[in-house]
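My entries follow in the order I looked things up.

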Amino acid sequence: MLRNGAAEASGSPAAAPRPVRVWCDGCYDMVHYGHSNQLRQARAMGDYLIVGIHTDEEIAKHKGPPVFTQEERYKMVQAIKWVDEIAPRAPYVSTLETLDKYNCDFCVHGNDITLTVDGKDTYEEVKAAGRYRECNRTQGVSTTDLVGRMLLMTKAHHSNIDEDLDYRKHKDNFGKGPKGHSPWTGVSQFLQTSQKIIQFASGKEPQPGDTIIYVAGAFDLFHIGHVDFLEKVHLLAERPYIIVGLHFDQEVNRYKGKNYPIMNIHERTLSVLACRYVSEVVIGAPYAVTADLLDHFRVELVCHGLTEVVPDKDGSDPYQEPKRRGIFQLVDSGSNLTTDLIVQRIIKNRLEFEARNQKKEAKELAVLEAMKKTEEEEHKKGLQG
C-alpha cells in the first residue's frame, strides 16, 4: 500500500470523522495524464482512494488485448501520487459487493461510456444504488488516441519522417471507424492551461536537508521504464527532491528522430508531474546540463539511465559539466522497456489493436444513437402531452 502524502485527520480518534473511502476501477492500459486526472479528481472527493485494476484476461474478453501486462499496469497506477492503494484483479463490472469488500463509500468514473462485451453499462448496479459519482473526462487524450498516433505514425510538428512502403500501404486503412472517419488524430487536441499545471504540481519548494537531484529526457509515453528509473533515483537519498527536465518537442525529435515525441511537451509535463517520485518539472529544459542550471536549482546530484546519451548539436557531451563537478551518476532501472519498445508492441499487433479500436468505436456509436433515439421519442411524447 502506498500513501500519497495527504495529511491525516487531526484530533482524537473519537472526534475525527470517518474517512471517506473512494473506489475507482479500470484497465489503466497505457496510463496517461487523462487517467491521472481522473484519479486526482476522485481523490479530491474523499480521503482515501483505492484503484481496482482489471486482469489481462478480463480486458481481452471485453475490449481486446492490452498493451501492457497486468503487473506493469499495477505498478504504473501505484506510481500515481493520488493513489493510496491498488486492488489487483478487480472485476470488470463494478458491483456493490466490491465496494463493500473494500469498505468504499462510492465509485467514481469519468463522464464517458464503459460497456461490457454484451453492451451493458459496467456501472449500472452502483448507479442504481446511489453509490456512483462522476468526474470530468480529460479532453484531447485517450488510450485509443495514443495507439492511433503510433499506428498512423502521423507527424504534425516535425518534418523529417520517412514514410516507408509498409507505412504507405497501411496508412489509409488504419483508424477508419465504421462510418469511414478516423476516431484518432496524429495531432494532439489537448489544450494546456496554467490551472491544469497547478492542479498536478506539488507546489512544494525544496526544504533544508533535501537532496536536490536532477534528471532530464523526453519521458515520452510515460511508462513503467520511467517509473522504475525514477523510483531507483528516489532511493538514492533519504529526502530526495527530484527535478525532471523535459526537452522541447523539436529537441526530442533531433535526438530520437522518426515521429517522436508521440506526446507533446504539454502532455509530457502532466504525465511526469503525476508521478509520486517527482517534485518539480522544468518545461523545455536545455539539452546540455549547464553550470547555470545546476547553480540555479542548487543541484547536488545528476542522474541518467543506461540508455544512450546522444551528443549535443556541437558534438559535446551534454553531461560534461556535472561530470566535471563529480556529481553525475548512472542509474540502472532494472527495466529494459523503452518508448521504442512500446511502439514496437503496437506495430507487431497492429491488426489486433485496429480491430479493438474499431470495435470500441462501433459499440459507443451504437449506444449514443440509442440514447439519441430515446431522447427524441421522449421529446415527441412531451409535445403530444
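**Entry 1: the sheet**

I began with strand β6 (residues 211-217) and strand β9 (residues 301-304), which run parallel and are joined by three bridges. Helices (H or I, at least four residues) and strands (E, at least two) are DSSP runs, numbered from the N terminus. Two strands count as paired if DSSP finds at least two bridges between them. The model is predicted: local features need pLDDT of at least 70, side-chain atom pairs count only at pLDDT 80 or more, and totals for chains, interfaces and linings use all residues. Residues are numbered from 1 along each chain as its sequence is written, and side-chain values use heavy atoms, with hydrogens and water left out.

Which residue of β9 is the bridge partner of valine 215? I found cysteine 303.

**Entry 2: α9 and the cores**

Next I checked the nonpolar cores. Such a core is a set of buried Ala, Val, Leu, Ile, Met, Phe, Trp, Tyr and Cys residues joined through side-chain atoms within 4.5 Å. Buried means under 20% relative accessible area, exposed over 50%, partly exposed in between (1.4 Å probe, protein chains only). The largest core has 63 residues, and Leu230 and Val244 have the most contacts inside it. Helix α9 (residues 224-234) gives the most to this core, with five residues. Apart from it lies another core, of 14 residues, including Tyr241 and Tyr319.

I listed the neighbours of valine 244, leaving out residues up to four places away in sequence. Among them are Val215, Phe219, Leu230 and Val282. Contact means heavy atoms within 4.5 Å.

In helix α3 (residues 70-78), I found Gln70, Glu72, Arg73, Tyr74, Met76 and Val77 buried. Their cover includes α1 (33-44), β2 (48-53), α9 and α14 (339-348).

Histidine 35 is in helix α1. Is histidine 35 buried or exposed? Histidine 35 is buried, because its relative accessible area is 13%. Beyond four places in sequence, histidine 35 is in contact with Tyr28, Asp29, Met30 and Thr143.
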